[in-house]
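Here is a short briefing for a reader new to this structure. Please keep the sequence and the 3D view open while reading.

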Amino acid sequence: MRTKLFLSTLIIAIITLTFSLLSVNFVFKQQFSVYLTQANETIIEQLPSRLSALYQMKGTWDTTALNEVTHSLPMGTVVTLTDPNGKHIATLNNTMESMMHGQDMGMGMSMGMSSYSAISWKTKTFTVSGPLGTLATAEVRYPATAQILNPQDVLFQSTVFRYLLFAGALALLFGIILSYFTSRQLVAPLRRLTQAANRIGHGHLDERVDLRSKDEVGQLANAFNAMADNLNRQETLRKQFTADIAHELRTPLTSIKSYIEAFQDGVLPADQENLSSIHEEIDRLVDLSSDLKDLNVAEIGALQLNLEPVDLTPLLGKILHSLNPLIQEKELTLIWRASQEPVTMSGDERLLTRLFYNLVHNAYRYSNPGGQITVALTQTSDSSVIRIKNTGMGISEDDLPLIFERFYRADKSRTRETGGTGIGLALVRQITDLHQGTITVQSKVGQETEFIVELPKKLKVAVD
């Protein structure tokens, strides 16, 4: 990539420089020709006054003086001088041959001669006046556009072009050096990103790229580091998930195995009490598999909502009534602040029941004996707000962003009996997202925890 970038930059620089030189050279030639043409026009306009002064100084048309005027005329100019009676006085002819007489012409001058005969011409007639009246009439024929045939003009033009080439070569040299270091500067961080990506691909998830630039490459590096952090976190959760699911499966299976072995050895009788214990362990396995299935279906977007009008007041009342025996057994105080008016929304009643049951049951589980659970239902014009608060151990700030991850437990020492599987809150978040709502949590360690669920009354339908 570095070679391609260097060559592409170099080619662009060469093309740009070439067109610039050609453009400058063309414009210079055009402007220089315009300048010479204007200078020739000025010389032609001054010709009558010069001839009049020459005649008055010599008192006659002196041939030597006229030759000096001839050499000062523009290249290719022919002046026919006649007296007032029409008699021919002299012809002033400044042609290329007369100018270059006695001098060697180079190739450039020969080329100038070849184009010299193809130019357009202009003619003017002037009256040469003196103190006593008209001295002569001058008919002037000269090129309409000046040709760069003068040796000094050609030398000036070639010198300018040489300096243009020198400046172009110098600019090209700096362009090569700049493109080399620029390509190196751009490719170096990309190589580091490639090496870091390869290391992450081989399992080194702690690999990071240290780039402090604020350009697009720096933004790419920041995105790469964020991706690596997320991969590392997901890998940690995956390992934790594997350990937790193994533990969740092993505990009931071990219990069932122990009971069966006891039955086989005759240590325990296969009576109603012992069979009920086995049945409870099997129910735990069924609940676990059901939780996992619902969570996975929700996460892949395959869980379909059966939308219908749902009144949240009786729904929450049923949930609290079903959990009331557990709440009383733990000697908790339940405060139910229902809305005075019906709070109806469009939703899936089965999933909403699962959502609020998990939250209230979670509040019961993490409340201290003799504590308090408060459930409040309010509404706005567009949404329903449910607040579920309990007094208890609380959640630390480090754990708050992670409590909705599957199998995550804030207290790693808790078992299923005391802390659940860690699937409930993950499923709560998925159901909330399906209903286009939001869920937030506020907690003070050692004091209380409050979950706030806000659900829209009408779901927005996606338009393809």
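In which helix is the place of F166? F166 sits in helix α5, which covers residues 151-201. Helices here are DSSP runs of H or I with at least four residues, strands are DSSP runs of E with at least two, and both are numbered from the N terminus.

This is a predicted model, in which local features need pLDDT of at least 70, side-chain atom pairs count only at pLDDT 80 or more, and totals for chains, interfaces and linings use all residues. Residues are numbered from 1 along each chain as its sequence is written, and side-chain values use heavy atoms, with hydrogens and water left out.

- F166 is exposed because its relative accessible area is 56%. Buried means under 20% relative accessible area, exposed over 50%, and partly exposed in between, with a 1.4 Å probe and protein chains only.
- F166 belongs to a nonpolar surface patch of about 710 Å², made with L170, L173, F174, I177, Y180 and F181.
- Patches consist of residues with over 30% relative accessible area and no salt bridge; like charges are joined within 9 Å, and nonpolar side chains (Val, Leu, Ile, Met, Phe, Trp, Tyr) within 5 Å.
- A salt bridge is a side-chain nitrogen of Lys or Arg within 4 Å of a carboxyl oxygen of Asp or Glu.
- Accessible areas come from the Shrake-Rupley method with a 1.4 Å probe; for residues, only the protein chains shown count as cover.
- A171 is also placed in helix α5. A171 counts as partly exposed because its relative accessibility is 41%.
- A171 and L17 are 154 residues apart in sequence, yet their C-alpha atoms are 8.0 Å apart in space.

**The five-stranded sheet**

- Five strands make an open sheet with mixed pairing, in the order β6-β8-β9-β11-β10. Two strands pair if DSSP finds at least two bridges between them.
- β6 (333-337) and β10 (438-444) are the edge strands, each pairing on one side only.
- Neighbouring strands in this sheet are turned by 10° against each other on average, direction ignored. Axes are lines fitted to C-alpha atoms, for helices over the stretch in contact, and angles run from 0 to 180 degrees between N-to-C directions.
- Over seven bridges, β10 pairs with β11 (residues 448-456) in the antiparallel sense. S443 stands opposite T449 in β11.
- Helix α8 (residues 312-329) packs on the sheet and touches β6, β8 (372-379) and β9 (383-391). The direction of α8 makes about 175° with that of β6. Contact means heavy atoms within 4.5 Å.

- E331 is in the loop between α8 and β6. Phi of E331 is near 60°, a positive value in a residue other than glycine. E331 is exposed because its relative accessible area is 61%.
- Q436 lies in the loop between α11 (424-434) and β10. Phi of Q436 is near 60°, again positive in a residue other than glycine. Q436 is partly exposed because its relative accessible area is 36%.

- N358 is found in helix α9 (residues 349-365). N358 is buried because its relative accessible area is 16%.
- Leaving aside neighbours within four places in sequence, N358 is in contact with G424, L427 and V428.

**The β1-β2 hairpin**

- β1 (residues 77-82) and β2 (residues 88-94) pair in the antiparallel sense over six bridges. V78 stands opposite N93 in β2.
- Five residues lie between β1 and β2 in this hairpin. In the turn, G86 has a positive phi of about 90°.
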